Amino acid sequence: MVRTPKKKVKKTKASKAGAHGSHKGPKKRDRKATETALMKAGIQVFAKKGYDAATTKDIAKTAGANEALIMRYFGGKKGLLEAILTRTDDLGDSATGKKEIEAKPELHLDEALVESITERCSDFKHYSDFMKVAVSRIILDPDVSRIIQTKIYTKALPEMIHELEKFKKGGEIDPKADLKSVAFGISSLTFALGFMAQVVYKIPESEIKATIKEMVRILQKGLKPDSK
């Protein structure tokens, strides 16, 4: 009697997994990490090529991510730019972290203001090429401009006002001071020194620092409570 040879059954990955235990599913994508990588890549590509010339393909390649994720996570190139400008805290970069005025126990108002403005000016210098692209886009694109305006009035200014309130309670700011106006003035001064003076006009760093100290001295004097 001739035996019919048995067919060899090729084990699949699933069958092997069943033999050695439960099968692990596909590795989950870390969305936050991918978003951060895409935003950082966007900064590089926008700075190098400009907004119009930059493509989502370039950005995805730099980030080592799938191009389709830019549309899925940000809604496209414009959404990515807006995210970079409004979600700097998510970047986890020392040069783009939160630089609000902090009422630290060891710092007086003038020291806190100098520290905050100086750090923000450093950010403008560090990302000078990208900021040129971003600012021009804010001017040319009403949608981007509106997003930034909302960011300033709903997040940046309220946070600054909150910190200034601490100095007011500590007796370093006149109780009658309009902190919203003060916060807006500080924000405007920071942009003027950090971007216009430093990036556009190329004013030396030593002059920028001297100007910060002098402006803070004048501001502190004006905010000081009236002596009775």
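Reader: Which side chain meets glutamate 159 in a salt bridge?
Author: Lysine 155 does, at 3.0 Å, N to O. Bear in mind that this is a predicted model.

Reader: Is lysine 155 buried, exposed or partly exposed?
Author: Partly exposed, at 30% relative accessibility. Glutamate 159 is also partly exposed, at 21%.

Reader: How many salt bridges does the structure hold?
Author: 15. One of them joins arginine 87 and glutamate 35, at 2.8 Å, N to O.

Reader: What does that pair tie together?
Author: Parts that are 52 residues apart in sequence, since arginine 87 lies in the loop between α5 and α6 and glutamate 35 in helix α2. Glutamate 35 is buried, at 9% relative accessibility. Arginine 87 is partly exposed, at 26%.

Reader: Which residues are linked in a network of salt bridges?
Author: Asp52, Lys78, Arg137, Asp141, Asp143 and Arg146.

Reader: Switching to α9. How many residues has it?
Author: Helix α9 has 22, residues 179-200. It reaches 29 Å from first C-alpha to last, close to the 32 Å expected.

Reader: Where does α9 bend?
Author: At alanine 192, by about 25°.

Reader: What caps its N-terminal end?
Author: Aspartate 178. A side-chain oxygen of aspartate 178 lies 3.3 Å from the backbone nitrogen of lysine 180.

Reader: And what covers the buried residues of α9?
Author: The cover includes α6, α7, α8 and α10. Among the buried residues are Leu179, Ile186 and Phe195.

Notes:
Residues numbered from 1 in each chain as written. Predicted model: local features only at pLDDT ≥ 70, side-chain atom pairs only at ≥ 80, totals over all residues. Heavy atoms only, no water. Helix = DSSP H or I, 4+ residues; strand = E, 2+ residues; numbered from the N terminus. Expected span 1.5 Å × (residues − 1). Bend = angle between axes of the 7 residues up to and from the residue. Buried < 20%, exposed > 50% of the residue type's maximum accessible area, 1.4 Å probe, protein only. Contact = heavy atoms within 4.5 Å. Polar contact = N/O pair within 3.5 Å; in protein donor to acceptor, adjacent residues only side chain to side chain. Salt bridge = Lys/Arg side-chain N within 4 Å of Asp/Glu carboxyl O.
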